[in-house]
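Hi there,

Here is the structure I promised to pass on to you. Have a look at it first, and then read my notes below.

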Amino acid sequence: MSDSRVEVLQRIRGALKRTGPADWSVQQSLQDRIASHRISVRPIYGEEVIARFLDKHVAVHGTYDWVDASNDVMDAVVAYLDRHSIAPKVVAGSGSMIDSLSWPNECTVERRPAVKLDKVAISEAFVGIAETGTLVLLSAPSAPASHNYLPDDQIVLLDIKRVVRYQEDVWTLLRDELARLPRTVSLITGPSKTGDVEQTIEYGAHGPRRLHIILIGS
Amino acid sequence: MSTTTQTVTFGEQVDLALNNVSLQQAMGRAESGFVETRRHCVEAMPEFEALKDTARDIKEHTLEHLDSYLEFFEEKVIENGGTVHWASSGEEACRIILGICQQADARLVTKGKSMVAEEIHLNEALEKAGLEVVETDLGEYIIQLANEMPSHIIAPAMHKTRSQISELFHTHHQSLGYVDKTTTREEIVSEARQVLRDVFVSADVGITGANFLVAETGSNVIVTNEGNGDLTSCLPRVHIITAGIEKVIPSLEDLSVFLRLLARSATGQEMAAYTTLYTGPRRDDDPEGPEEYHVVLVDNGRSAMLAGNYRSMLRCIRCGACLNHCPVYTAIGGHSYGWIYTGPMGAVLTPLMTGLDNAYDLPNACTLNGRCQEVCPVRIPLPDFLRQHRVRQNQRRLGSGLSRRVVSMWAWLARRPRFYQAVMALPVRLLSYLGRHRGAFEKLPFGRGWTVVRDFPAPTGATFQQQWQKRKRSEP
Amino acid sequence: MEDEAENPRPISVALLVTCLVDLMRPNVGFAAVNLLQDAGCTVTVPRAQSCCGQPAYNNGDESSTLAIGRQVIEVFESFDYVVVPSGSCGGMLREHYPRLFSADLEWVNRAYALAQKTYELTEFLVDVIGYKGGNSHYSGLCTYHDSCAGLRELGVRAQPRQLLAGVGDLELIEMNETDTCCGFGGTFSVKYPEISGRLAANKVANADRTDADTLLGGDLGCLLHLAGRMRREGRSLKVFHVAEVLAGMASGPSIGEPEASV
């Protein structure tokens, strides 16, 4: 195995007209380039971020509720479950907003990885990206990634103050707020879909059929 | 499925494809779908051309320092608890992956879409060793059931009709308890969802490709609309990533450039539904996630491409835009290309990876119209590469000797313009005379290549040069 | 003429006739000459020309292409401008010659110099001369086919349409997929006839769908191929080179039509 490593690297270096690794100074400049977090060209837009975020989310078949305060979240959740006739058995992630929810008695809330029979998960977003209407969800001990993919429905809580304008803003926040990247950083834009049958979109291919955001704040 | 003598296979495949009504309908739908949606996206983003320049530059920069970036990436993967394997050849990559699976006592393997895995015939290698391998991308699953090659790199089952898919599911799912035949699209997708869910949760090993490898963080990035890449990466005990060595990019900010281009170029979406960065196996306190995280870096001819005149082909991000915009691909479909890489990028790659003599027709069945290069998000000079293949074929005397001799003769004449004009004057006059009543020929001796599908308009009298010289002579 | 008042001496232009115009439809060459003269240029048609070398180039015969290229450069480099009634031949000189000769120190500069003064006909008339048109008329509903080389290598799209707007009685309508290849592709047309035919069928169907009675274009290769397909399918659209219509020389038989036509 390590022989192949040497062989592959040697062939690459030969192709680049070198016999050995690049000079230390070159390698340092490459690391500097990475560390500069230099942003290249990107599409600039002036639209207000919340309006943009919600427009983009709806355009990819997402739904949302917008509530003023965390007190109103539970009502919105219960209403969503009712609307889609989903039994109130929820698998929940974690976060400051989810953890402070007071669940009505009829709701069963389980904090565990999802299994294939789970109907609905409730998660908390790290941020929302207004540029594309994208949610960013991080895996964590109490926020298993399976919540994003196995259940039929996913409800995501998003703090209005955590909606950023551009995708690069996410990388900046990740670097600032976390010591290292979590195991998964999921950028989710709308529910699961496929166009593999007759080149026509159907929802709920493998991931959730429906993605619902509860936006909190004013 | 290996490539056979292309000259025979290509013509037959093309014939089948041109006469396959449902294929033509599917291609028509896809063309208007992908092409139109991409156009809308592009029109909505004034920065698109500048973004393509940037993407090209990032790729060229990375390729120029490929060894360093791969080593940075490897360092980070190891730091995060993963393992990096290096494979010179496809066979070696298969051996490595099989070894990991056997070490893990694996029985069932789920697969996200990976062109590299198909390139190295990974499924066959694993199945031969007794493992069950299930493709999870719906299109790949369908062609796996049908035992066919993908016909498009983004929509591999594009050539299949709804009723064909229905049949396949009925045949293969009955033993799983699905007695009724699905008919609607919704039912088909629903059944696939249920069937594959069982597979996802029982798999021992999940194998995915990588759209990008990020050197800064040691992450691999997978982009899907279905979510199957994530289910393949999260649930099994072992996650293996197969990636060509050219997949590495330097930073997260660079990743954003490519993410903005990829979905737009592939399917006309601003973002696919799921874009996920995976960094290593489960952490100590993670309740789920793979215990092992392996990245298999595959060379399989890429370092040779780096050294040669086709280096820019390594910029390719496998978006499929060139396929979608190629009028030849749209007419003949993916199977005509004889391998997993189709359309313009396939016409360049297949001869490079499987031999120039093995795929004679691919670089030649092209009008060099240039639309592929126009839409390529990393500005690969595809027509130039196809012409370069033709030069090498010519030098190695591959293909029709008659064709080479005719062209050679034409060129010999063309270099002697006065003689050329004298030689051409007679047949032109003759054809002009013979065609004067009808204006065009339905048939011509030696002209079957033209007349089989269109009439040949008759020349219209003496040549321009003859008439021009005559006019000059009669002027004062 | 306006131009003569502005320029002390008329612009000297060499016409690269192209092999297809020379052999198959000289009317296009004469139309080009008339247009250039009407625009105030002196036109020379160098005798020692035959072909730009594309057939050899696109079949991978580089040495033959270079040999032809050297000859073309020698014959044409002394003129102010080289004008070509074809996007693909124009593109050959402007885009491909410099690259072909890039390794040849002796010829590369000459190739570049020639490239810089080579223009497709409509491009030259509009962008260099600012030609506003003659007094030609063409009574018909026309649709325009953009040749791929003209479009992608030379950026020719607006210029022919601008000139056609100045032709009396002529109405222009755009077809769908104007930027999709017609399937000619030089020798591709005879090496892969089934594919070529299919692409032609798609293109003529698009043209016909506009209800136009005339198909125009700037490349005789595309036009011979499309006219041949029209005839084979029994479609009634006339096919002309844009130069013929612009020069008021489109009253005779269209491409593929006999002398005494219906």
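Let's begin with distance: in chain B, the centres of domain 1 and domain 3 are 57 Å apart, taken over C-alpha atoms. Please keep in mind that this is a predicted model, where local features need pLDDT of at least 70, side-chain atom pairs count only at pLDDT 80 or more, and totals for chains, interfaces and linings use all residues. Residues are numbered from 1 along each chain as its sequence is written, chains are lettered from A and ligands numbered from 1 in the order in which they are written, and side-chain values use heavy atoms, with hydrogens and water left out.

The domains of chain B are domain 1 (45-302), domain 2 (304-402) and domain 3 (416-474); their bounds come from an automatic or database domain assignment. Along the principal axes, the C-alpha atoms of chain B fill a box of roughly 100 × 55 × 45 Å. Chain B has 476 residues, and 66% of them count as buried (under 20% relative accessible area, with a 1.4 Å probe and protein chains only).

Now for the place where the chains meet. Chain A brings 78 residues to the contact and chain B brings 100 residues, where contact means heavy atoms within 4.5 Å. About 7600 Å² is buried between chain A and chain B, and carbon and sulfur atoms give 54% of that. Buried area is the accessible area (1.4 Å probe) that two parts lose on being put together, summed over both. On the chain A side, A:Arg183, A:Asp196 and A:His206 lose the most area to chain B, together 12% of what that side buries.

Happy exploring!

Conventions:
Buried means under 20% relative accessible area, exposed over 50%, partly exposed in between (1.4 Å probe, protein chains only).
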